[in-house]
Amino acid sequence: MTLPSPERSDGPEHPPPADDGHRGPRPARTATARWAWAAWLVLTFGLWNSCASHAGARWSEGQLARGGYPLTPAFALAALRGAGTDDGDISRYLAYSNATLGRPYQPRYVRPLEGWTGPEPEHAAGADPDDPRETPPRHPGRPLVPYRDFSVEYPPGFFLVALPPALPGFGLDGYRLVFSCLMALLLTAGLLSAIRTGRALRPELPPEPVWEAALLALLLGTIAVRRFDAIVALSLCVFLEGCLRRKPVLSGLALGVGLVTKIVPVLVVPLAVIHWGALRRWRELAIAALVSSGVVLVVGGPFLLLAGDRLLDLLRYHSARPLEVESTGAALLTIGRFFDPGSAWRVAAYGFDNVVGPADRFLLPLAALAPLVATAIIAAWSAVRTRAALRGPDAPRLASEVLVRGACATLAASMALGKVFSAQYLTWLLPIGALVCALDVSRRRRNAFLLLGAAMLLTQLDQHVFYGLLGDGPQPLFGVLILLRNGLVMAWAVWILVPPPGAREPARSTPMISAGLRSPSASPF
């Protein structure tokens with residue numbers, strides 16, 4: 001008997017009846033899906049790339065900083081477009097890429113490790129360090145070797161996404177446009193992968209995940225395409241799809257790219273091992289491990305040969321970083337300034353804003369330990385729920401949903417509890433988080449979306465509004481807002497885990513075998 005593809009909601013064993021009431025809604029569902037995809041594409045490729053130029057953003061920021069700006073719709077639009085430009089990290093990517101290609105680069109970003117550990121110079125009132133007309137670029141006599149000739153805080157896979165947009169030789173604005181379109185493309189591919197995963201879990205999956213992903217992207221803002229974290233989102237989606245659809249080579253490739261680009265996907269590896277082990281898919285586990293190791297060696301090996309032990313500066317950089325201003329530990333320090341203004345203060349170092357104070361000698365070790373404890377707790381939950389799922393009907397599908405929910409919760413907990421919570425980290429959850437919300441029904445779906453959407457909206461407001469008003473110091477109220485945002489992310493992680501998948505099924509479910517997912521004993525090939 002031929003089983004239907006996971007991408008289709010029907011198949012040979014379910015021929016459409018002549019008149020059963022199912023034909024009517026299909027055209028409407030197709031039209032809804034098309035509108036959802038149109039909204040996603042217009043937002044990520046269009047709206048987010050119609051922001052101001054770098055010079056225009058600097059002008060509107062200067063007007064806002066000085067005050068006395070015109071209260072007109074035209075200036076309001078210019079200020080919004082300027083805020084959306086958000087090209088600070090883009091400038092860093094371009095400088096790294098140009099230095100690697102042997103082209104003139106802006107010297108602000110190309111430094112040894114020692115150049116990052118000290119206080120950051122203030123540039124807002126002086127010459128623009130990102131504009132070669134105001135800050136002359138440095139002309140290298142040869143291509144510089146990353147990690148050896150200058151420090152890079154990202155793993156070697158970063159250059160897989162940062163170098164290609166620099167090859168045409170555009171300036172900052174052109175590089176930003178090409179890079180942002182590439183990130184939008186990666187997010188779109190991740191969303192397609194998440195939809196395939198959703199249809200494997202729910203063959204009659206409606207178009208809501210695309211609508212929800214588009215709305216989440218709108219709430220998060222342009223940062224979703226201004227950082228390279230879209231590659232992490234794609235890696236996570238494709239890795240989970242490969243696990244569910246029994247494609248270990250695909251899983252290994254996705255995991256390898258994620259590890260060599262951002263490292264953080266390593267947090268979901270224990271959950272995948274539990275999943276493969278519980279379903280007795282040892283061959284798939286071995287293949288995925290072999291392929292992912294090969295990707296890491298192929299991409300990272302040349303950098304290790306060229307840079308030697310200087311590649312380890314990457315680890316030294318992150319281990320020495322203080323509490324980043326948006327982390328939970330920094331929020332607690334900042335709130336402490338309600339009672340003692342001298343108990344914490346802002347320090348610009350390591351290329352970011354951080355919060356330090358006497359209490360960070362307790363909070364820093366806690367921030368290093370808490371994500372590991374949360375990962376262990378979620379892994380234990382995954383083991384228990386997977387074992388329970390295998391004792392009931394439709395076992396492989398429920399076990400697969402345990403893996404998807406556990407992976408999302410693990411990443412969310414690592415953000416909320418770690419010592420660094422950059423705004424762009426929420427990009428990891430854009431496609432797969434929208435899917436997890438859509439797997440529920442009625443009130444549970446709505447509440448899951450509200451928790452994640454509120455966290456993303458608050459992130460955008462913190463970045464573009466509240467930090468400018470409250471970040472100097474920072475003010476204790478800013479710590480309250482950050483703690484609220486991090487609490488929402490943590491609440492979402494708990495919400496998607498409890499109750500477990502078997503207790504939150506919709507009224508009508510489809511057995512896993514009809515969704516194209518095979519039983520534990522089926523061959524992976």
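Modeller: A disulfide is a pair of cysteine sulfur atoms within 2.5 Å. By that cut-off, the structure holds 0 disulfides. This is a predicted model, where local features need pLDDT of at least 70 and side-chain atom pairs count only at pLDDT 80 or more, while totals for chains, interfaces and linings use all residues. Residues are numbered from 1 along each chain as its sequence is written, and side-chain values use heavy atoms, with hydrogens and water left out.

Start with cysteine 237. The closest cysteine sulfur to its own is in cysteine 408, 8.0 Å away, so the two are too far apart for a bond. Cysteine 237 is buried, at 0% relative accessibility. Buried means under 20% relative accessible area, exposed means over 50%, and partly exposed lies in between (1.4 Å probe, protein chains only). Cysteine 408 is also at 0% and counts as buried.

Now bring in isoleucine 432. Contact means heavy atoms within 4.5 Å. Neighbours within four places in sequence aside, isoleucine 432 touches both Cys237 and Cys408.

Next, the core. A nonpolar core is a set of buried Ala, Val, Leu, Ile, Met, Phe, Trp, Tyr and Cys residues joined through side-chain atoms within 4.5 Å. The largest one here has 119 residues. Ile432 is among those with the most contacts inside it, along with Tyr96, Leu429 and Trp492. Helix H10, residues 230-244, gives the most to this core, with 12 residues. A second, separate core has 13 residues, including Leu333, Val355, Phe478 and Leu481. In soluble globular proteins, nonpolar side chains tend to be buried together.

Step back to the whole chain. It has 20 helices and 3 strands. Both are DSSP runs, numbered from the N terminus: helices are H or I with at least four residues, strands are E with at least two. Of the 525 residues in the chain, 55% are buried.

For contrast, look at isoleucine 263. Its place is in the loop between helix H11 (248-261) and helix H12 (269-278). Isoleucine 263 is partly exposed, with a relative accessible area of 37%.
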